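Please read the following points alongside the sequence and the model.

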Amino acid sequence: MRRSMREQTRALTRDRSVRVTLARGFTMIEVLVALAIIAIALAASLRAVGSLAASEADLHDRLLAGWSADNVLAQLRLAHAWPDVGERSFDCSQGNLRLTCTQRVGNTPNPVFRSVEVSVTTPGRSGNLAQLVTVLANETNRSL
């Protein structure tokens with residue numbers, strides 16, 4: 001039996017619409033792969049954010065330690081005293097952060113100056129959080 005041209009066109013149109021309908025959605029595998037990629041990307045970004053938070057806390061500690069070291073050197077400058085050669089450690093806490101300052105005073109090639117180094121550490125943690133060095137002049141024998 002031969003179909004008329006009109007029937008053949010309708011049948012072809014029906015077949016195309018079925019094909020188009022089937023090709024519109026994603027398969028379950030494609031959706032799962034996309035979700036897996038998104039999950040991996042989110043996990044990586046979460047790890048990066050966690051790392052930034054830890055770095056921010058360490059940076060905050062270093063900032064406070066730098067202020068402590070700067071305060072020690074400012075006190076020495078303002079005292080206009082000639083510091084004794086040697087080393088001493090003392091508490092120099094800032095806020096809630098317990099800090100220990102170590103001040104080392106040494107001679108320089110020029111006897112009019114002394115080198116002063118201040119290192120700031122946290123008890124129970126290795127390494128310095130901050131370290132500043134300056135040179136102080138002997139102002140005790142100088143007439144103003």
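1. Thr122 touches Arg98, Leu99 and Leu129, not counting residues up to four places away in sequence; contact means heavy atoms within 4.5 Å. Thr122 lies in the loop between strand 3 and strand 4. Helices (H or I, at least four residues) and strands (E, at least two) are DSSP runs, numbered from the N terminus. Thr122 is buried, its relative accessible area being 14%. Buried means under 20% relative accessible area, exposed over 50%, and partly exposed in between (1.4 Å probe, protein chains only).

2. This is a predicted model, in which local features need pLDDT of at least 70, side-chain atom pairs count only at pLDDT 80 or more, and totals for chains, interfaces and linings use all residues. Residues are numbered from 1 along each chain as its sequence is written, and side-chain values use heavy atoms, with hydrogens and water left out.

3. The structure holds one disulfide, a pair of cysteine sulfur atoms within 2.5 Å. Cys92 and Cys101 form this disulfide, with their sulfur atoms 2.0 Å apart. The torsion about their S-S bond is about 90°, so the disulfide is right-handed. Cys92 is buried at 9% relative accessible area, and Cys101 is buried at 0%.

4. The buried residues of helix 2, among them Asp61, Leu64 and Leu76, pack against strand 1 (86–91), strand 2 (100–107), strand 3 (113–121) and strand 4 (130–137). Just after helix 2, His80 takes a positive phi of about 50°.
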